[in-house]
Amino acid sequence: MKLHKLLYYVQGYHLAWEQEPAFSEDIEAWELGPVIARLWRNRKNRFLDKFGRSSRSSGALPESVRDITANVISRFGKMSGTDLIKATHTEDPWCQVTDEGQNIANQVISHQSLVDYFSTEPDWVRQMREHVAVVRDDTEFVPDPPGTLDAVIAKHFPG
């Protein structure tokens, strides 16, 4: 199950960031979360031989797929399959197609649903990006006056 969830994240981020799928197989909303049905049904995992392969004769994965896969594994790879199931059950693509888990019938999660969800940045990321954009300029860096850091620490961490 863990592989299916990681592939779900790869597909979602690839669609949002690269505007094209990482692989052509559908992702379906099953009781245990997003699943690549063709991979699930193909016990010999022949799907993996074709996953993300470009039409080039080298058969190498596109760089964008490799990069996003590495980032997904870095972010989610230590989570257990159970933790990934719980996480995906709270996310819009699975929730919307299953009516919050009330109507699970192995429906396809649309690419548009993945794009919509994975293109949305959390408020804290948006605020940080906006803050960085505002403070970024060509003015000379002037450090805070002596004692400023100590005052902030004393204020927020008394005792």
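Start by selecting helix 1, residues 2-18, in this predicted model. Of its 17 residues, 13 are buried, so helix 1 is largely enclosed by the rest of the structure. Draw a distance from its first C-alpha to its last: helix 1 reaches 23 Å, close to the 24 Å expected at 1.5 Å a residue. Then step just past the end of helix 1 to glutamine 19, which takes a positive phi of about 60°.

From helix 1, select Tyr8, Tyr9, Gln11, Gly12, Tyr13, Leu15, Ala16 and Trp17. Their partners in helix 7 are His111, Leu114, Val115 and Phe118. Colour this contact by residue class and you will find 9 nonpolar residues, 3 polar ones and no charged ones.

Next stop: helix 4, residues 63-76. Helix 4 has 14 residues and spans 20 Å from first C-alpha to last, close to the 20 Å expected at 1.5 Å a residue. Which residues of helix 4 are buried? Select Ser64, Val65, Ile68, Val72 and Phe76. Looking along the axis, you can see that they cover an arc of only 95°, which puts them on the same side of helix 4.

What covers the buried residues of helix 4? The cover includes helix 5 (81-88) and also helix 1, where the tour began.

Finally, zoom out and colour the whole protein by secondary structure. There are 9 helices and 3 strands. Trace them from the N terminus and the order reads α-β-β-α-α-α-α-α-β-α-α-α. Switch to colouring by accessibility: of the 159 residues of the protein, 32% count as buried. Among contacts between residues at least 6 apart in sequence, 64% join residues at least 24 apart.

Notes
Residues are numbered from 1 along each chain as its sequence is written. This is a predicted model: local features need pLDDT of at least 70, side-chain atom pairs count only at pLDDT 80 or more; totals for chains, interfaces and linings use all residues. Side-chain values use heavy atoms; hydrogens and water are left out. Axes are lines fitted to C-alpha atoms, for helices over the stretch in contact, and angles run from 0 to 180 degrees between N-to-C directions. Helices (H or I, at least four residues) and strands (E, at least two) are DSSP runs, numbered from the N terminus. Contact means heavy atoms within 4.5 Å. Ala, Val, Leu, Ile, Met, Phe, Trp, Tyr, Cys and Pro count as nonpolar, Asp, Glu, Lys and Arg as charged, and the others, Gly among them, as polar. The expected span of a helix is 1.5 Å times one less than its number of residues. Buried means under 20% relative accessible area, exposed over 50%, partly exposed in between (1.4 Å probe, protein chains only). The arc is that of the directions from the helix axis to the C-beta atoms.
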